[in-house]
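Hi there,

I am passing on the structure we talked about, and you will find it just below. Have a look at it in your viewer, then read on for the notes.

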Amino acid sequence: MPDIAFLIGDIRLARHDNHRRLPRAFAAAGWWVSEIPHEALHLTPSGLRLGDHDPARFDLLWLLGMGPADNFLDRMQLLRQLPQERCVVPVDALVYWHAKYAWWAHMPPTYASRDAEFLKARLAAGGDWVIKPGAGSFGRDVLRISAGAAGSAAIDRLTDRGRRYAVLQRYASEIEQGEKRTLVAGGRLVGSYLRRAEGDLRSNLAVGGTPHPTTLSAGERELVTGLAGDLERRGVGFAAVDVAYPYLIEVNLANPGGLATLEALYGSDPTPHVVEAIVRSRGF
C-alpha cells in the first residue's frame, strides 16, 4: 500500500479544509496517510527526520502551506534534502514559482521594488494602478491607487521605508468582471469558478468576494492549459491559477483553496479527481 505524508501547519489559521479533505481522499484511495506538523523537521547525524518517521518510507510528501515566515528558509533548506520527485510541490517551486514574481510576463505591466521613489516615478506616469505586497495572500493590502498624495502614502507604507518589496501593477479593468480560479492537478484542469468582488477591488473569498459557477472561454482555457503544462514540467502536482483574461493574476502553489467551493457550486467533491490526477502523473 503506498504511503503519503502531509506536513501541516497550524490548522487554527486555516481558511479552508484542505488539511482534512486531501488526507481523507488519499486514505479513501487506499493510501497510508501520515499527518506531521511543520515544526517536526529534525536534522540528525543519520539524516532528516519527519517527527518520528524516516522520510524514505513515504512515496509522496505534501507540504500544505508555507508555515511560519520566521523559519521558512530553514525548513525549505531541510526539505530540499528530500527526493524532490516525491514532493507533490517541490521546494524549488514553492520558493521560485509561487505567487507573483515568476509569472510577470503573463500579467498586466508590473514593477516590483523596495525603493518607494522608483515606484512613485512609475505611478507619476498616470493612470490607475494596483499596489500589493510581493509575498501577500488572501487579498491583504491590495489597493487601487493613482498619482497623488494617497498613492504615494500607500507606496511608502507597503515598502516600509525600504524594508519590504511591493508590487506595482497596471490596473486591469478586466478584473471588474471577476477573476476565474482554476485548480490544476497533475497537469489536468480539475475545475473552475468565478470570484467576483462585492464593493471592493479584491475578489478573494477571504475578504468578501463571492463565488459563481463558470466555464472557461477558448482563450482562457488556452492560457490556463499552457500554465498547467509549465507547472507539470516543474514537478508541481497541485496549484491554483487565477486569471482575468487576457491576464494572469496569480499562481498559488502553497495550499490553494477552492476544493470546498467547487463542491458547493457544482454538487460533487473534486478532491478524488485531484488524487487520481496526482497518482496517475507520478506513475502509481
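Below are my notes on the model, going from single residues to the sheets.

Please keep in mind that this is a predicted model.

**Aspartate 3**

Is aspartate 3 buried or exposed? Its relative accessibility is 7%, and because buried means under 20%, aspartate 3 counts as buried. Its side chain has a polar contact of 2.7 Å with the side chain of arginine 57.

**Aromatic rings**

There are 9 aromatic pairs in the model. In one of them, phenylalanine 6 and phenylalanine 26 have ring centres 5.8 Å apart and planes at 70°, so this pair is edge-to-face. It links distant parts of the chain, with phenylalanine 6 in strand β1 and phenylalanine 26 in helix α1 (residues 18-28), 20 residues apart. Both phenylalanine 6 and phenylalanine 26 are buried.

Phenylalanine 26 also forms an edge-to-face pair with tryptophan 62, at 6.3 Å centre to centre and 90° between the planes. Tryptophan 62 belongs to strand β5 (residues 60-64) and phenylalanine 26 to helix α1, so this pair ties together parts 36 residues apart in sequence. Tryptophan 62 is buried, as is phenylalanine 26. Which residues do ring pairs link into a cluster? They are Phe6, Phe26, Trp31, Trp62, Phe238 and Phe284.

Arginine 234 lies over the face of tryptophan 97, 3.4 Å from the ring centre. Arginine 122 lies over the face of phenylalanine 118, at 4.6 Å from the ring centre.

**The sheet of 5 strands**

This open sheet has the strand order β12-β11-β10-β13-β14, and its pairing is antiparallel. At its edges are β12 (210-213) and β14 (247-252), each pairing on one side only. On average, neighbouring strands are turned by 30° against each other, direction ignored. Strand β11 (residues 188-196) runs antiparallel to β12 and is joined to it by 4 bridges. Leucine 194 stands opposite histidine 212 in β12.

Helix α6 (residues 218-233) packs on this sheet and touches β10 (179-185), β11, β13 (238-244) and β14, with its direction at about 150° to that of β13. Helix α8 (residues 271-281) lies across β10, β11 and β13, and runs at about 140° to β11.

**The sheet of 4 strands**

Another open sheet, also with antiparallel pairing, has the order β6-β9-β7-β8. Its edge strands, β6 (110-113) and β8 (143-145), each have a single partner strand, so one side of each is left without a neighbour in the sheet. The twist from one strand to the next averages 25°. Inside the order, β7 (residues 129-133) and β9 (residues 166-170) run antiparallel and are joined by 5 bridges. Here valine 130 stands opposite glutamine 169 in β9. Helix α4 (residues 116-123) lies across β6, β7, β8 and β9, running at about 160° to β6.

Best wishes

Definitions and conventions. Residues are numbered from 1 along each chain as its sequence is written. This is a predicted model: local features need pLDDT of at least 70, side-chain atom pairs count only at pLDDT 80 or more; totals for chains, interfaces and linings use all residues. Side-chain values use heavy atoms; hydrogens and water are left out. Buried means under 20% relative accessible area, exposed over 50%, partly exposed in between (1.4 Å probe, protein chains only). A polar contact is a pair of N or O atoms within 3.5 Å; within protein, one must be able to donate a hydrogen and the other to accept it, and residues adjacent in sequence count only if both atoms are side-chain atoms. Rings of Phe, Tyr and Trp (its six-membered ring) pair if their centres lie within 6.5 Å; planes under 30 degrees apart count as stacked, over 60 as edge-to-face and the rest as tilted. Helices (H or I, at least four residues) and strands (E, at least two) are DSSP runs, numbered from the N terminus. A charge sits over a ring if NZ of Lys or CZ of Arg is within 6 Å of the ring centre and within 35 degrees of the ring normal. Two strands pair if DSSP finds at least two bridges between them. Axes are lines fitted to C-alpha atoms, for helices over the stretch in contact, and angles run from 0 to 180 degrees between N-to-C directions. Contact means heavy atoms within 4.5 Å.
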